[in-house]
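Welcome! Please take a moment to look at the sequence and the model, and then we can walk through a few places together.

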Amino acid sequence: MISMFLVGALAVLALLTRAGVAVVERRYPAQGQAIDVDGATINLVDIGPRDGEKPPLLLIHGASSNLEAMRRPLGELLAQRHRVLLVDRPGHGWSPRTRPEDSTPAAQARMLDEALARLGIGQVVLVVHSWSGALGLRMALDFPDRVAGLVMLAPVAYPWRGGVGQYNAAVATPVIGPLLAHTITLPLGLALMAPGVRGVFAPQEMPDDFVERTATPLLLRPSEFLANARDLVTLKQAVIEQAPRYGEIKVPVTIVAGEADRTVYTDIHSRPLAQVVLQTRLIVLPELGHMVQNAVPELVASEVERMVAAIAPAETLQPSP
């Protein structure tokens with residue numbers, strides 16, 4: 001009887017999850033254009049003025065999010081003067097991916113490079129947050145002709161002690177993970193999402209409308225939750241493998257990080273990276289937490305402007321006669 005009850009309860013939860021996914025996807029429909037690449041379809045939003053002399057800015061979100069987390073306030077602020085490309089990383093938002101092994105920065109760097117090539121886009125300045133710090137570094141290593149500069153916000157770069165949470169580890173486990181993702185993740189996640197995001201923002205306050213305007217509930221769909229968990233549990237080994245190569249990076253790098261970040265520790269990631277990549281401009285703010293693009297968007301925008309001015313051809317900096 002107990003077994004029958006459990007099976008029945010799981011079946012009900014699975015049906016509720018399917019209904020919840022339909023509601024979430026109607027509430028947060030896809031925006032942008034879909035670009036087919038090997039192993040995924042990349043959803044990309046292209047905003048801001050076109051300027052053939054300046055490289056576009058490619059903004060890449062971190063874990064547990066999608067392109068909307070980079071659009072406001074930072075992406076729209078930068079788009080006042082630059083062409084800005086916002087992407088859902090493979091497996092996130094409206095960028096489905098088909099292979100579990102494509103969770104690594106190396107795989108996703110290849111996919112994003114292919115997407116840019118299909119659009120006929122050459123060099124870009126990468127603006128990356130958190131998990132995508134490792135992705136931006138991998139793009140600079142594997143596709144140096146694609147990357148003109150790298151602006152990193154609270155980036156992951158090196159291995160850390162410990163793991164990424166027991167629930168993420170469980171969700172990344174065969175059989176158990178899909179069972180959890182298709183039954184309890186969505187209802188449980190909806191209840192815990194806002195408190196969890198507030199913790200990532202600390203010590204800054206989370207904007208009241210953040211979860212809604214960033215379409216964060218898309219994360220709770222089974223396919224995306226499984227992809228996100230796998231991204232997290234494979235990240236540590238990925239940075240172990242790529243970290244010895246960081247000295248090969250030749251493009252200008254700017255890092256903005258916070259002493260108060262308790263999600264990605266600056267002493268573990270940003271400071272050691274700046275010591276290895278010697279052309280790095282490191283900015284560490286004492287009261288800044290993890291959500292750099294929300295806390296200090298004007299500072300980030302000014303650092304992007306500084307980098308673009310430094311790498312732009314000299315003739316683009318001269319006024320027209």
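## Helix 4

Which residues are buried in helix 4? They are W131, S132, G133, A134, L135, G136, L137, R138, M139, A140 and L141. Here, buried means under 20% relative accessible area, exposed means over 50%, and partly exposed lies in between, using a 1.4 Å probe and protein chains only. Helix 4 is thus mostly covered, with eleven of its twelve residues buried.

This is a predicted model, in which local features need pLDDT of at least 70 and side-chain atom pairs count only at pLDDT 80 or more, while totals for chains, interfaces and linings use all residues. Residues are numbered from 1 along each chain as its sequence is written, and side-chain values use heavy atoms, leaving out hydrogens and water.

## Neighbours and length

The buried residues of helix 4 pack against strand 3 (57-60), helix 3 (105-118), strand 5 (124-129), strand 6 (147-153), helix 9 (222-242) and helix 10 (270-276). Contact means heavy atoms within 4.5 Å. Helices (H or I, at least four residues) and strands (E, at least two) are DSSP runs, numbered from the N terminus.

A search of the whole structure finds two aromatic pairs. Rings of Phe, Tyr and Trp (its six-membered ring) pair if their centres lie within 6.5 Å; planes under 30 degrees apart count as stacked, over 60 as edge-to-face and the rest as tilted. Y158 and Y246 form an edge-to-face pair, 5.4 Å centre to centre with 80 degrees between the planes. This pair links distant parts of the chain, 88 residues apart. The centres of the F201 and F210 rings are 4.9 Å apart and their planes are at 80 degrees, so this pair is edge-to-face. Both F201 and F210 are buried.

## T280

T280 lies in strand 8 (residues 280-285) and is buried, with a relative accessible area of 16%. T280 touches V253, I255, L273 and A274, not counting residues up to four places away in sequence.
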